[in-house]
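These are my notebook entries on a structure that I went through element by element. The sequence and the model are placed here for reference.

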Amino acid sequence: MFGTTKAFSGFSVNDIDAARTFYGDTLGLRVSEEEGMLFLHIAGDRDILVYPKADHTPATYTVLNFPVDDIEAAVDELDRRGVRFERYDQYKTDDKGIFRGGGPLIAWFTDPAGNVLSVLQET
């Protein structure tokens, strides 16, 4: 039924202007705005909708993952751009915030609305 539709994902934020700056300037994504909502244009021709929500509560899970070839370089560059990496009690990370405990190497960070994002590198 939906095998040929152009499905897309979306999540909420509490401040569209802050989201536009973060996703466009800090992360360097191509961003467009339409009727007060943002569209993140990523590889694979699948846009992601970012919409304002007055009673926004940050997601408690990772809403967007960015696969990278070199997680060390990605974390260093994001750090230079002011991104701070999250530490979780259940996942021991190194000094840079990279989890190396099995599966892909991964480092989590949040957008200005508190939504969790990650960079990850397949091992």
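Entry 1, Glu35. I looked up the accessibility of Glu35 and found this residue exposed, at 74% relative accessibility. Glu35 sits in the loop between strand 2 and strand 3 (37–41). My helices (H or I, at least four residues) and strands (E, at least two) are DSSP runs, numbered from the N terminus. I also noted the phi of Glu35, which is near 55 degrees, a positive value in a residue other than glycine.

I am working with a predicted model, in which local features need pLDDT of at least 70 and side-chain atom pairs count only at pLDDT 80 or more, while totals for chains, interfaces and linings use all residues. Residues are numbered from 1 along each chain as its sequence is written, and side-chain values use heavy atoms, with hydrogens and water left out.

I searched the whole structure and recorded 10 salt bridges; the criterion is a side-chain nitrogen of Lys or Arg within 4 Å of a carboxyl oxygen of Asp or Glu. Side chains of opposite charge can pair when their charged atoms come close.

I took the pair Arg20 and Glu33, whose side chains meet in a salt bridge at 2.6 Å, N to O. This pair links distant parts of the chain, with Arg20 in helix 1 (residues 16–26) and Glu33 in strand 2 (residues 30–34), 13 residues apart. Arg20 is partly exposed at 30% relative accessibility, and Glu33 is partly exposed at 42%.

I then looked up Glu77, which forms a salt bridge with Arg80, the closest N and O atoms being 3.0 Å apart. Both residues belong to helix 2 (residues 71–80), and they are separated by about one helical turn because they are 3 residues apart. Glu77 is partly exposed at 30% relative accessibility, whereas Arg80 is exposed at 60%.

For Asp94 I found a salt bridge with Arg100, with 2.8 Å between the closest N and O atoms. Asp94 has a relative accessible area of 25% and is partly exposed; Arg100 is partly exposed at 41%. Both take part in a network of salt bridges that links Glu72, Asp76, Asp94, Lys96 and Arg100.

I traced a sheet of 4 strands, open and with mixed pairing, in the order 5-8-7-6. Strand 5 (62–67) and strand 6 (98–99) stand at the edges with a single partner strand each, so one side of each has no neighbour in the sheet. Two strands are taken to pair if DSSP finds at least two bridges between them. Strand 5 and strand 8 (residues 116–121) run parallel and are joined by 5 bridges. Phe66 has Val119 in strand 8 as its bridge partner.

The largest core has 28 residues, of which Tyr23, Leu27, Phe109 and Val119 touch the most other members. Helix 1 gives the most to this core, with 4 residues. I also recorded a second, separate core of 5 residues, including Phe99, Ile106, Trp108 and Val116.

I listed the contacts (heavy atoms within 4.5 Å) of Val119, leaving out residues up to four places away in sequence; among them are Phe66, Val75, Leu78, Phe85 and Phe109.

His56 is buried, at 12% relative accessible area. A polar atom of the His56 side chain lies 3.1 Å from the backbone oxygen of Ala113. Not counting residues up to four places away in sequence, His56 touches Ser12, Val13, Asn14, Ala113 and Asn115.

I found Tyr61 in the loop between strand 4 and strand 5 as well. Tyr61 is exposed, with a relative accessible area of 54%.

Conventions
Buried means under 20% relative accessible area, exposed over 50%, partly exposed in between (1.4 Å probe, protein chains only). A polar contact is a pair of N or O atoms within 3.5 Å; within protein, one must be able to donate a hydrogen and the other to accept it, and residues adjacent in sequence count only if both atoms are side-chain atoms. A nonpolar core is a set of buried Ala, Val, Leu, Ile, Met, Phe, Trp, Tyr and Cys residues joined through side-chain atoms within 4.5 Å.
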